[in-house]
Amino acid sequence: MSEEAIRVEGVSYAYGDVKAVDNVSFAVAQGEVLGFLGPNGAGKSTTIKLLTGQMRPQSGEIAILGMDVAKERDKIQGRIGVCFEEKNLYLNLSARENLNFFARLFGIADFDPMPLLRRVGLADRAGDRVKGFSKGMQQRLMVARCLMNTPDILFLDEPTDGLDPVSSQAIRRVIEEESARGAAILLTTHDMDEADKLSDRVAFINDGKIAVLDTPENLKLAHGQRTVRVRIREHGEVREQVVPLDAADTGDQLKAVVGAEGLLTIHTEEATLEAVFISLTGRGLQA
Amino acid sequence: MNAQVSRPAVIWAIIRKDLLEFSRERFFVVITAIGILFYGAAFWLLPSSVDESFTVGIRQTGMDDIFAAAMGGQSAGLAFVQFESVAALEAALGMGGAEPDEPLGIGLAFPDDFLQRVAAGQPSTVRVYVDANVPTELQRAMASFVREIAYALSGNPLPVADPGREVIVLGEDRVGDQVPFREKIRPLFAVLALVIETFALSSLVAAEIQARTVTAVLVSPSRVSDFLAAKGILGTGMAFAQAVLLLLIIGSFANQPLILLCALLLGAVLVTGFGLIAGSAGKDFIETLFYGMAFMIPLMIPAIAVLFPGTSATWVRVLPSYGLVQTVVQASAYNAGWPDVLPHLGTLLAWCLAAFAVGWFVLKRKVETL
């Protein structure tokens, strides 16, 4: 991790009386993947719109690559890539034509879309109109589009939402490659497992506020509960017992269950990010 | 890292993309092509001249000299055809059962003893046949014509002296040079060609908004002003090109081509402004169509009003397209010059600025709040 790619200080935005983003502050370093997690309506998309210059914050400051997003939007736009939640592609154009159009907007001379299309597994469909693409193929094309200017920062809004495993895997691989290249990535997702695997840090946003921001490991250690789950057959019936690993008598409990007759299975269980989120906010991610 | 991109390059990229998309919107391409071909064909099928003459069938005996003099002295518009019998006259008028190829509109049947009875001061009856389509004033003129012949034959002077008269025609005297229906419908076609583009442009704009592709464009180095400029240039260009093409097909540039081009360009800006409003306001295709229609109908009214004689009502004259229609009519049909059409072009320009400013504002608001 090196210098900051994104710095957000006390940013707020309200739609009328409803505070969508409420005094939010965070930073993302170059090469870092920040998972931005929260239920629908928590303020994730509004935050991305503020960071990408689509809306102006009503208070607070946003610096992208050290530049004020409100004042130096033109310089910033050429150095970021945005993958939207909506599949906002030109359906009557082919994959190649879609990329060529945006390449002209970015002023990329002699742009060749084929390497990008190969990277997301769409090279053989380059000349096909996008309206014939599956949801997963459209999403992969969206990812290719946001990579065309080799951005310093990537904003990925639910990039794998509702996709088949093959498309999801392809997109996750691209995220890892871009992070390794040094791009800062702000990733919003509902998929806690994905966030856990891909993110260097995660921020839980709820009701427009960041509830907590830390590495997945620290969050699980600080807020989750590690347990051992055992199944034992007794008197012809299967019984399940959960032994917390952080209790004072954990050793005695484990000795008792391991020595018990009829022991069937033993599983260690780690806290999940979803469990941490629920324990912190009192609500689930799908709410 | 990408190079700094210029504003014209961004605008041109959006226009190129829109043209490519438009060319693949089969519905609008077909509608546009059919519209231009249909209007062009319909125009050339309409009558190119106005038949101002009426043929009057005459059945008379012993008055050849009088009618020869009458035929020679009539101004353009009346022609007399002699018939041997009342039955032949009535057959020519379409009263004999079989429909003649070109039935007469007017017939005068003088009784055989008309000369003798008039000379003797006795009453005589002349039968005047008039078709229902003959204007009332011409029916009355025929009755007067018969009365004058009777006075002339009897040697009695007319009860009043023939007053000297000076006829002053208000406006251009079109006698013998009436504007045919084809000419009257020309501005209607011009406005139609322009108005169709309201739908095409509003549909393109609405598609960008509804599919949120505009947000993808606006997080690239392009600005809202680039997007608006591209839509404005494309809409104006397409509407202008189609209107010019249609007017070329219907041969409208014989008179005052520069004035016509100027009027069409302003008209194209006008419909583009309305197209931007309709495209921004509609939440889906049906709503966009509704707003498009809501703008199209008032725009059509001044063009339709030209088809009817008389001065347009005041409320028609304040409609946005009135200046466009009047300019096209006066320049193409009456060969009017710049001094004659400048007031209309001025009004049209004011409407253009208003429509385009509102369209620009509404679209800007829309894309900023997506």
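## A tour of chains A and B

Start by selecting chain A: 41% of its 287 residues count as buried, a residue being buried if 20 or more other C-beta atoms, placed from the backbone, lie within 10 Å of its own. You are looking at a predicted model, where local features need pLDDT of at least 70 and side-chain atom pairs count only at pLDDT 80 or more, while totals for chains, interfaces and linings use all residues. Residues are numbered from 1 along each chain as its sequence is written, with chains lettered from A and ligands numbered from 1 in the order in which they are written.

Stay with chain A and zoom out. Its C-alpha atoms fill a box of roughly 75 × 45 × 35 Å along the principal axes. Switch to cartoon and you can look for ten helices and 13 strands (DSSP runs numbered from the N terminus: H or I of at least four residues for helices, E of at least two for strands). Among the contacts of chain A with a separation of 6 or more, 69% join residues 24 or more positions apart; a contact here means C-beta atoms, placed from the backbone, within 7 Å.

Next, bring in chain B. The contact between the chains takes 22 residues from chain A and 22 residues from chain B. On the chain A side, select H2 (73–77) and H3 (95–106), which each supply at least two residues. H3(A) gives the most, with six residues.

Finally, colour chain B by domain: domain 1 covers 7–47 + 184–368, and domain 2 covers 54–154, with bounds from an automatic or database domain assignment. Their centres, taken over C-alpha atoms, are separated by 54 Å.

Terms used:
Two residues are in contact if their C-beta atoms, placed from the backbone, lie within 7 Å. A residue is buried if 20 or more other C-beta atoms lie within 10 Å of its own, exposed if 12 or fewer, and partly exposed in between; C-beta atoms are placed from the backbone.
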